[in-house]
Structures are given as C-alpha cells and as structure tokens.
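Hello,

Here is the structure I promised to pass on. My notes on its aromatic rings follow below.

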Amino acid sequence: MAEHKQILLKNVREKDQHKIDTAIQRGAYAILKKTLEMDPLKIIEEVKTSKLRGRGGAGFPTGMKWGFVPRDSGKPVYLINNADESEPGTFKDRVLLERDPHLVIEGMLCSAWALQSEWSCIYIRGEYAYPYVQIQRAIDEAYERGFLGDNVCGSGWKHHMVVHRGAGAYICGEETALLESLEGKKGQPRLKPPFPAVSGLYGCPTVINNVETLANIPWIIENGGEAFAAIGVENSTGTKLVSASGHLNQPGVYEVEMGYSLLQFIEEECGGVRDGNALMGVIPGGSSVNVLTAEECAGVNLDYDSLANAGSSLGCAGFMVMDETTDPIEAVLSLSRFYAHESCGQCTPCREGAHWIEKIFARIAKGHGQPGDIELVESLCDQIGGHTICAFGDTMVLPYRSFLKKFRNQFRTRIAEVMKGVEPRRESIDFEAGMH
C-alpha cells in the first residue's frame with residue numbers, strides 16, 4: 001500500500017476525536033485563531049493559489065467562486081455547507097461529520113472569515129441521523145467554548161452556525177434546489193443566472209461548498225496555497241477522499257493524492273477485486289458519470305483531467321467497482337430506478353423520460369425486451385440531455401448511454417434470448433446500497 005498525504009483523515013481513527021477536548025489537544029481551532037488575524041482577501045488569494053477545486057462533483061475552483069462574492073452589496077453574506085451527500089456510491093463526507101466534526105466546523109469558520117460572513121448553515125442529508133447528532137453536538141461544544149457566537153475567540157467578530165436537515169430529496173444536493181429548500185419552498189432548482197454568489201439565499205450573496213472542500217481550508221491557511229498545490233498533479237491539486245464500494249475486498253473511504261493510478265488504487269488500497277474475480281468495469285465518480293470498462297481503466301489516474309480524457313469524470317469520487325459476475329442490465333436498471341424516483345418533476349423531459357427509461361430497462365431485465373428498445377432509450381436520452389433547468393437530466397443519461405454503448409452485446413443478447421424463451425440471469429450490483 002502506497003503512503004499518501006493525510007490532510008482530512010489524519011485523526012478520524014483516533015479515540016474521541018469527535019469531542020472538543022480531544023480535538024483541541026490535536027490542534028483543532030488553532031488555525032482559526034491564526035485566521036482571525038489575517039486579511040480576509042489574503043485568505044481568498046491563498047485558496048486561489050492552492051488550486052483547490054470543489055469536491056462535491058463539479059470541480060469548480062473554490063477560490064474563484066469565493067472571488068465572485070460582491071464586497072459592497074450592503075447585504076449579508078451566507079456560507080452554506082452542502083452535506084446532502086445523496087449520490088449513490090458516496091459516503092466520504094459522513095466520515096468527517098461523524099468522526100472529526102470539529103475539523104468541518106473550523107473549516108467553515110475559516111472560510112466564513114475570508115468571506116466576512118456572520119451566518120452559516122450545514123444542510124445535511126435527512127437520512128444522516130448519526131452524522132447529524134455528531135455535528136450538532138460539536139456545534140454546541142463550539143458555542144460553549146467561544147468558537148461560535150457573538151465574540152469568536154474574543155476577536156469581536158460574530159458568527160452563528162446552524163444545522164438544517166433535509167427531507168430525503170436527492171435533488172436538494174443541487175445548490176439552487178438546496179437554497180429553495182432552506183427558504184421553505186419546494187426543493188426545485190432555479191434558473192441561473194443569477195448565480196448564488198451574487199444572489200443566493202434570500203437574494204443575498206451566498207457561497208455553497210461541500211464538506212470535504214471546506215475541511216481542506218485550515219490546512220491551506222496553515223501551510224499555504226503553494227504547499228497544497230504541490231500535492232497531486234496540475235489542475236487536480238491536493239488529496240481526494242474516495243468512497244470505494246462494490247466488488248472489492250476492502251471497501252471504505254480512502255484519502256489519496258490526486259493523480260494516483262486507478263488500477264493501483266483497486267489493488268493496493270482496496271485489496272483487489274473480490275474473490276479473485278476479473279474486473280468488468282468501474283463507475284469512478286458517483287453514479288451520474290460514464291462507466292469505464294476494465295480495458296478503459298488501464299493508464300487512468302484519479303484526477304479530473306485523466307478521467308475526463310478517459311471519457312468519464314472524477315465527480316464526487318463515488319468509486320463503484322463491478323466484477324465479471326455483474327449483470328450490466330440489472331446494474332443500469334438499479335440506477336434508472338433511483339433517478340426516476342428522485343426527479344423533482346419540474347422539467348417535463350426529466351419527469352417523464354426518467355420513468356419511461358426505467359420501464360424499458362425493467363422489461364429488458366425481466367424478460368420482455370423488444371427489438372428497438374436500445375435505440376428507444378438512446379432517443380429518450382437525447383431528448384432529456386440539454387433540455388432541463390439543472391444538470392440532473394444531463395448527468396442522469398450519462399450512465400445510461402455508456403452502459404448501452406459499452407455493454408451493447410449483452411443487451412442485444414438478452415433481448416435475443418428473450419425472443420427465444422431463455423431465462424435471463426439475475427446477478428447485479430445494488431448502487432443504492434452505499435447510501436444507507
């Protein structure tokens with residue numbers, strides 16, 4: 001197993017790290033005190049220098065996003081921590097929320113000072129019951145010790161933090177749907193522009209970053225942006241938390257340096273494919289990215305550019321491995337059920353098309369496939385992608401198209417077998433299993 005720089009998971013295995021006394025003994029909130037003595041604009045420049053990209057999926061440069069916030073609007077600036085970790089195959093943020101919540105809080109406070117924000121919110125996935133308990137308890141402890149409140153660390157700066165629990169809607173992970181939900185409305189995406197940095201929560205400048213992104217900020221402030229940029233590779237700096245699941249001998253959450261070999265990650269970090277089976281494919285960035293076949297994984301690294309060049313995406317690093325026993329038809333059916341259920345219903349192509357695609361995949365899997373079904377799904381994908389308000393429809397069709405393209409023979413064979421009366425097999429991988 002290779003040695004990797006540990007920025008985020010350094011203390012997660014330590015006993016009682018979730019408690020404030022233990023966290024302080026290991027350095028928690030020391031960087032906050034240093035931060036409060038710094039020029040806020042200097043912090044933003046350090047984050048820009050670090051080339052830190054958002055870890056929630058889109059990979060947008062964090063410092064650039066912060067730089068969009070107007071300084072003279074006369075309105076309050078809000079900071080939102082997107083902890084609505086609902087993408088199938090992702091469970092990395094919950095590790096930080098459960099085991100090192102004070103790192104998350106300190107990261108938010110350092111970010112809030114840079115943005116001159118006096119109020120922040122952690123929007124947490126409703127099903128995350130235990131992570132909610134842990135982060136809320138940590139916030140209460142931070143208030144008791146003066147790290148939150150009207151006089152943070154005696155600096156005269158005030159900052160208040162709340163936790164808001166979602167109600168189980170995957171779409172609220174999309175930043176504008178999250179804002180609608182926070183405002184008490186139906187969680188449906190907004191048209192952009194305006195973008196949240198200019199007009200977000202209650203029409204005020206708002207920065208939305210996810211848990212992992214914000215947890216990197218104290219290290220960047222302590223060590224400098226150049227030190228962070230020196231880790232990883234060009235355009236993909238720092239380390240990355242990877243939620244590894246599926247047919248692996250050692251699934252779990254790993255922190256690796258950007259640019260690490262994909263196949264080496266499977267073998268050295270995750271103990272290889274289960275039971276010595278051959279690799280069939282990998283979905284590297286959460287369920288809403290293109291699947292890579294075993295052959296396509298050769299020479300690919302875990303960074304934004306390498307995976308993009310391979311025809312997929314790093315996304316939020318929900319790394320799902322499928323071995324040779326996997327039925328790709330059952331696998332994509334599992335995905336289609338999830339997306340059909342989670343469409344918010346605002347846009348007709350997504351609302352209607354998601355269910356139609358689910359029904360077509362279901363009839364193929366259940367032994368009722370018809371000639372032309374593959375082409376019909378591809379036609380529906382064309383009518384959904386690029387025709388919706390948010391990226392839900394665009395990303396939903398990516399795995400559908402890639403499964404149909406890369407495992408086309410299996411689909412054609414299944415339909416042909418059905419026409420001959422052959423019983424289809426039922427091996428599959430449950431992509432929603434990693435969500436619970």
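Predicted model: local features only at pLDDT ≥ 70, side-chain atom pairs only at ≥ 80, totals over all residues.

Residues are numbered from 1 along each chain as its sequence is written, and side-chain values use heavy atoms, with hydrogens and water left out.

The structure holds 15 aromatic pairs (rings of Phe, Tyr and Trp, the last by its six-membered ring, with centres within 6.5 Å; planes under 30 degrees apart are stacked, over 60 edge-to-face, the rest tilted). One of them is tilted: Phe-60 and Phe-68, because their ring centres are 6.2 Å apart and their planes stand at 45 degrees. Phe-68 is partly exposed at 45% relative accessible area, and Phe-60 is partly exposed too, at 36%.

Phe-265 and Phe-319 form an edge-to-face pair, with centres 5.1 Å apart and planes at 85 degrees. This pair links distant parts of the chain, 54 residues apart: Phe-265 sits in helix α12 (residues 262–269) and Phe-319 in strand β13 (residues 318–323). Helices (H or I, at least four residues) and strands (E, at least two) are DSSP runs, numbered from the N terminus. Phe-265 is buried at 0%, and Phe-319 is buried, also at 0%.

Finally, ring pairs join Tyr-170, Phe-338, Tyr-339 and Phe-392 into a cluster.

Best wishes

Note on methods. Buried < 20%, exposed > 50% of the residue type's maximum accessible area, 1.4 Å probe, protein only.
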